[in-house]
Amino acid sequence: MSETTAAARVEQALEACARTPAASAYFVHRLDAQARAQALELDTRRTTGDPTGALAGTPVVVKDNLAIAGVVPTAASRARMTEAVACAHACVVGRLVAAGAIPIATTNMNELAYGFTGENAWHGDVPNPRDETRMSGGSSSGSAAAVASGLVALALGTDTNGSVRVPAALCGIWGYRPSPGVVPSEGIVPLAPTLDVAGPLARTARDLMLAASILAGFEHPAGTSGTIPPRVAVARVGDDRMTTNVRAAVDRISRALGAREIVTIPAAGLTAASQIITAVEGARTQRAILKTRPEEIGATVRRRLLAGALVPAAAYDRALELRDRAHREMREHLADFDIVVAPATPCSAPERGAQQVEFDGIAEPTNAALGRYTSPFSLTGCAVVVVPVMDVGPLPVGVQLVAKPGDDALAIRAACAIEDALLGGPRSPE
Amino acid sequence: MAEPVPPAGATSDADDVQRRARMVDVPMTDADAHEVAGWLEGLLAAARAVDAALALGDR
């Protein structure tokens, strides 16, 4: 049992937030009073010998599209600021709180979770703590930034097409997208309900494993080594374009896991299907706002949602048909492997405000580029952990460990094995 | 019940966007329609990519 009280840990975290100028951009709601009250209650339980949980007194932050009792989950949108306060925690928040975690803030994000850039029309952009001239990535931008800057050890985000994995990669931390159904999704402000999942972001793979065990009920082999599964391959996804530092990171992680084979993931159409499903479902979930007060959604997100409202229903149906087929085919592609290794993003963090990124002599829209390697695995329901690689260039890059749907524990244990092999144990990337 | 949907089309200028928007009862400003045209064009291109992938899989 830690001798530091929960109250002291919360005060320490709140003071760190106050000392970090950029932190104001990371948060939507500060929860100082609630956090102090929860800490006092937890310390009281501790003195009376009552159980306090595996995360007892750990300050955490929660993406603003996850319900916290007594707080309006705005998804960082002006359109939701007048919604009712949540009467209960989102299921994932409830599980962390039951384990003793103490939410100290809700975090900034791409509005309504639609985007990979960390930009927000109402709360400002989230700068990357590794280099504030760079994007944090999104949409779980504030969650990733708060963890990467050391303000908290653990955060909750959500991932539709890569919204945990992209900011984890760009900010140099660990992130986990669960297989659908492994972690409950009740209490998420929806973007695309058939793709949305909640997942943790953490400074160490061991913290990620602990959070995953609490959120999903895995066995938590605390204090044990990670496990490298026997059958690991490198994924070649689509056109396989990436910057040299990203390729170096993929090579390093592949070597650490002993990958000997290459598996080709035919991404043709998968990213397109993700775009259509997200746009159409996003327009449906926000339809009432789009019809009555569209000006309360920032221009970029509003226009993307409006475009989604105009997509023919048949196109959505065909995207779902392709998703069903891709699910089957991905299982076949991964049948002979426990883990496949793939880049999380094709490049490190772009400059803030960049509309396009260019590599291999080809320019493409920033948002589309950042999600090109994450969305195919969302669409096909895979479990994915992002591993941060810090020393292949001036900025971190992320590598995905992809497991078949339901094989979440394999991916997380492999991540711990990499932490052991490359960092010598559970140590925060610096 | 299924929502009304506009016909599929290959082009999406601002006028076309406004026509489609009226059909699905989602009003928008001309300024939005102009910008939505570009996003819609991208989504219609994505729809064609999905069709191509499905056709490829059928072969």
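**View 1. Chain B and its contacts.** In chain B, 26% of the contacts between residues at least 6 apart in sequence join residues at least 24 apart (contact: heavy atoms within 4.5 Å). This is a predicted model, where local features need pLDDT of at least 70, side-chain atom pairs count only at pLDDT 80 or more, and totals for chains, interfaces and linings use all residues. Residues are numbered from 1 along each chain as its sequence is written, chains are lettered from A and ligands numbered from 1 in the order written, and side-chain values use heavy atoms, leaving out hydrogens and water. You'll find 2 helices and 0 strands in chain B (DSSP runs: helices H or I, at least four residues; strands E, at least two). Of its 59 residues, 37% are buried (under 20% relative accessible area, 1.4 Å probe, protein chains only).

**View 2. Y26(A) and F27(A) make an aromatic pair.** Across all chains, the structure has 1 such pair (ring centres of Phe, Tyr or the six-membered Trp ring within 6.5 Å). The two rings sit edge-to-face, 6.2 Å centre to centre with 85° between the planes (edge-to-face: planes over 60 degrees apart). Y26(A) is buried at 2% relative accessible area, and F27(A) is buried too, at 8%.

**View 3. R284(A) over Y316(A).** Here R284(A) lies over the ring face, 4.6 Å from the centre (a charge counts as over a ring if NZ of Lys or CZ of Arg is within 6 Å of the ring centre and within 35 degrees of the ring normal).

**View 4. R304(A) over Y114(A).** The charged end of R304(A) sits 3.9 Å from the centre of the Y114(A) ring.

Key
Buried < 20%, exposed > 50% of the residue type's maximum accessible area, 1.4 Å probe, protein only. Phe/Tyr/Trp six-rings, centres within 6.5 Å; stacked < 30°, edge-to-face > 60°.
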